[in-house]
Amino acid sequence: MAVEQAVAVAPGTLRTRVARAAPWFGPAFVAAVAYVDPGNFATNFTGGAAFGYQLVWVIVAANLMAMLVQSLSAKLGLVTGRDLPELCRAHLPRPVSRGLWVQAELVAMATDLAEVIGGALALALLFGVPLPVGGAITCVVSFALLSLQQRGYRTFESVIAGMLGVILAGFLYTVLRSGAEGSALAAGMVPSFSGADSLLLATGILGATVMPHVIYLHSALAKTRTPGISGPRELRRALGFQRVDILLALGAAGLVNLAMLVIAARLFHGRAVGDTGTLEGIHAALGSTLDSAAALAFALALLASGFASSSVGTYAGQVVMQGFIRRRIPLTVRRGLTMAPAMVVLMLGVDPTTALVLSQVVLSFGVPFALVPLVLLTRRRDVLGEHVNRPVTTAAAWLVAGLIIALNVFLLIRTFTG
């Protein structure tokens, strides 16, 4: 009888726990889409095709950095009920805050460059749509996705999480088909470079993984949960759920990034399989080395990435403007402003993959301008109270910021001195 009662109670208990946890999940999955945007496709596949498994360590390290950074951002939003741009405006000198806003807007344009081009390329691969038309379609679809917020943030978060699932499924299918070399994968965990080209790609991978605009956005997404926090105990529980949310979401994004590089290293490195330096070439090479199903999975994943990450990027732009300067502009105007560079690139016929890789390098240079204020604020007890960073957390965050800055400086020196 006792066993029957236990069996009867267990499902209800599980349902209760899920019901209590569910409202806290979602923000990290929206942020995670930015970590698998079309720029990642370009940098990860190019890196794997050119250098095999050598840059595996960059992807793993960047994903761990992203988990730390996004955890700090989410904590800031949950504890204070305000997002990072708002807190920058409140606690930093006005000229500094305005300067951060200007660079954040430039980063938003670089972000949109990658996302719109990615969506346009996917439409071209799937349906033969001309690139400028595909770019316009991507912008329209992303705007439609943003309109889901009118039905509540949960609807928007669920749709974006579903698109992340499409991307993950597409690459897991392909990596299972292509296989992986265990010893080479393990060797790729040892940090190394092969000249300036590998350093450029490593910086691009870092920029595509630790995304500056979602450092701002995650704090804004997390603060939407603050009305459900009734006291210190509930806040501690929410912070715990937030950490699990980040672990699951960014863990999935990390698997996608690793799968991209593994597929390219396994199928393309050291082989004459066409021009694997472009996304169109990668699509064709997947079809020739595996089959049309693998090429279709790649194109569908790229399309889902372009649509979802473009809407997330526009959302982040609104958060940045409202937080730093207390201004909002219509989404159609913002969409037009941020998509303009991408449309110019598409209409001029600039190589899309090259533009994608370079956009990720620009994003990498933008990371410190979001990360440094985040660390400064989360180490202040007057901002976070008892939830202020532990010394080891602050030290790790400063190490991440210092590493990114040093890598960028080294890249500049190598680029301009030959």
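**View 1. Helix 6 packs against helix 7 at an angle of about 120 degrees in this predicted model.** Helix 6 covers residues 94-127, helix 7 covers residues 131-146, and their axes lie 7 Å apart. Helices here are DSSP runs (H or I, at least four residues), numbered from the N terminus. Axes are lines fitted to C-alpha atoms over the stretch in contact, with angles from 0 to 180 degrees between N-to-C directions. The crossing of helix 6 past helix 7 is right-handed, a word used if the near helix is turned clockwise from the far one by less than a right angle.

A word on reading these views: this is a predicted model, where local features need pLDDT of at least 70, side-chain atom pairs count only at pLDDT 80 or more, and totals for chains, interfaces and linings use all residues. Residues are numbered from 1 along each chain as its sequence is written, and side-chain values use heavy atoms, leaving out hydrogens and water.

**View 2. Here are the residues where helix 6 and helix 7 meet.** From helix 6 come Glu115, Val116, Gly119, Ala120, Leu121, Leu123 and Ala124, and they meet Leu131, Gly134, Gly135, Ile137, Thr138 and Cys139 of helix 7. Contact means heavy atoms within 4.5 Å. Eight of these residues are nonpolar, four polar and one charged (nonpolar: Ala, Val, Leu, Ile, Met, Phe, Trp, Tyr, Cys and Pro; charged: Asp, Glu, Lys and Arg; polar: the others, Gly among them).

**View 3. The largest pocket holds about 430 Å³ of space.** Its lining has 17 residues, and Ser71, Leu72, Lys75, Arg243 and Thr393 are the closest to its centre. A pocket is an open set of points on a 1 Å grid over the protein atoms alone, where a 1.4 Å probe fits, with protein on both sides within 12 Å along at least five of seven lines; lining residues have an atom within 4 Å of a point. Helix 12 (232-267) and helix 4 (56-80) each give at least two lining residues, with helix 12 providing the largest share, six.

**View 4. The second largest pocket holds about 240 Å³.** Among its 15 lining residues, Tyr315, Gln318, Val319, Gln322 and Arg328 are the closest to the centre. Helix 14 supplies the largest share of this lining, four residues.

**View 5. Over residues 1-10, the pLDDT is below 50.** pLDDT is the predictor's confidence in each residue, from 0 to 100. Where it is low, the predicted coordinates should not be read in detail.

Note on methods:
Grid points are joined across faces, edges and corners, and a volume is the space filled by probe spheres set on the points.
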